[in-house]
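Work through the exercises below with the sequence and the 3D structure at hand. Each task is followed by a solution in steps.

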Amino acid sequence: MAEFNDMDMAPEDFKALGYQVIDMIADYYKSVRDVPVFPESKSHEVKETFTQQLPYAGENPAAILDEWQEKVLPNATHLGSPRYFGFVNGSGTMIATLAEALAASVNMNVGAWKPSPAATEIERQTIAWIAELIGYNTDCGGQFVSGGTMANITSLLTALRNTADYDSTTEGLQSEKRRGQFTVYMSAHEGHVSIVRAVDVLNLGRYAIRRVPDKADFTMDTTALREMLAEDKRNGMIPFCVIGQAGAINTGAIDPLEEIADICVENNLWFHVDGACGAVGAMLPEKRPLYKGMERADSITLDPHKWLYIPYECGCVLVKDAEKMRRAFSISAPYLRGTLPTEYSGLDYLECGPQMSRGFRALKVWMSLKHYGVEGYRRLLNQNVDCASYLDGLVQKAADFQALHAPTLFIYSFRYLPADITSQYGEAGNYPEEVDNYLNNLNQQIADDIQHSGDAFIMTSRVRGQVVLRMSICSHRTTRADIAFVFERLREIGKMRHQINERRN
Ligand SMILES: *Cc1c(COP(=O)(O)O)cnc(C)c1O
């Protein structure tokens, strides 16, 4: 037997290494406004860079840190850049970076109270703060999860468990008591694909999702919702949940939440709000009226790793009645209960959500909220809202761009539309198919080109079937100057691409 060795670093060595890491991080933050947003390396090159032998002999930590500088950073996409507008990706607060290190050092497991007394109570408090921030019941249940998808899965299971007219916890979907197919409703245009993942995981089958037509402003048509519900019931389906969007993925639209809440009450349905990207906008007094009705939701999905700028991962689910969450997730095993309930036991998060072992995600949110305060966060969110309006103004004024929707929050989709096409074919929307295809291609080319240039990271989506440029402006670092710069780059690239394409034809 070799002599015992815990292999921890000596305190002095750890300090030296830690200071070096802090220097690296501080230098990174200093450069983050200027780095190319997307790396130049091709995917196979990145793969080759990290194809390595399993290390048998341990390495010097200094050499491992060198690899971060030499291999990881040059192959990173910089979500913290003010010109990163992809998906809906938060930019990462600095204090959360420190929180992550602190949380890892004490390494509490927030699945149960005993291994995480402080962490459990910080999570409970932070959940209540988030509820207060958006005008929701502060006694609600809820917890931090990996992201919006997991929050939607958690909400839909809670909905099903609490609305099925038989004991679905024991009998599940296989029950003979199930009278028909369960169905869930969301907006056809703006409903999020994570709901597809949720019905996959719950094994409800994708037919369970009923897509409700939307109005011209991309919000759910509640008259159509009523008709679909009535018809589905006549056909023997079991509607159990309606999902309203609070900030939709392509346009930032907010569904008529009050009307949906009424319809859910009338039909005895679970009302879920998918506010993964937009729910926190309710903290802005000027925007709060748009969210009217959200306070009546049975559950809400909200992603701190989006518009609260928290680094990955951090989603959050809120359930108005905490007991209903427990009903959906309560579970027992001898090894989960170390003691009889005493004054040294408390909330066990594993009893009210999908995970058992859980990380201390709450700390980075708790610290960021304390650092910025509600006032600081309002300011940051307003800056993003202002950038989206500013961009909308640029697009509206331009002869070579087309606006498609009002800039409700921070997501904005629009089109590059060369002026010669407008003058030849007139109003957008009535083009021959080959012109539509051409415009789709052109907009995709523009997004790809600007990504590869490293100047900005912009993606496309489809709005009413057409390929559009889509910018999700949820970096706390983005300024109007960034928007103006990017807009001009899009225009240059669009013009150049259009000329090349025309020469080819
Ligand atoms: C991002 C998003 C989700 C999924 O959240 P993840 O954190 O990516 O799992 C769900 N719904 C909406 C509206 C979103 O924007």
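**Exercise 1.** Find which polar side-chain atoms lie by an oxygen atom of the ligand, and how far away they are.

Solution. Start at Lys-306: a polar atom of its side chain lies 2.8 Å from a ligand oxygen. Next take Asp-303, where a polar side-chain atom is 2.7 Å from an oxygen atom of the ligand. These distances come from a predicted model. For a nitrogen atom of the ligand, turn to His-192, which has a polar side-chain atom at 3.5 Å. The protein covers 85% of the 370 Å² of accessible area that the ligand has on its own.

**Exercise 2.** Describe the shell around the ligand: how many residues surround the ligand, and which helices supply at least two of them?

Solution. The count is 14 residues, and Gly-148, Thr-149, Asp-274, Asp-303 and Lys-306 are the closest. By type, the shell divides into eight polar, three charged and three nonpolar residues. Two helices, H6 (148–163) and H11 (304–307), each supply at least two shell residues. H6 gives the largest share, three residues.

**Exercise 3.** Compare the span of helix H3 with the span expected at 1.5 Å a residue, then inspect the start of the helix.

Solution. H3 covers residues 61–72, which is 12 residues. At the start of H3, a side-chain oxygen of Asn-60 comes to within 3.0 Å of the backbone nitrogen of Ala-62.

Conventions
Residues are numbered from 1 along each chain as its sequence is written. This is a predicted model: local features need pLDDT of at least 70, side-chain atom pairs count only at pLDDT 80 or more; totals for chains, interfaces and linings use all residues. Side-chain values use heavy atoms; hydrogens and water are left out. A residue is near a molecule or strand if one of its heavy atoms lies within 4 Å of it. A polar contact is a pair of N or O atoms within 3.5 Å; within protein, one must be able to donate a hydrogen and the other to accept it, and residues adjacent in sequence count only if both atoms are side-chain atoms. Accessible areas come from the Shrake-Rupley method with a 1.4 Å probe; for residues, only the protein chains shown count as cover. Helices (H or I, at least four residues) and strands (E, at least two) are DSSP runs, numbered from the N terminus. Ala, Val, Leu, Ile, Met, Phe, Trp, Tyr, Cys and Pro count as nonpolar, Asp, Glu, Lys and Arg as charged, and the others, Gly among them, as polar. The expected span of a helix is 1.5 Å times one less than its number of residues.
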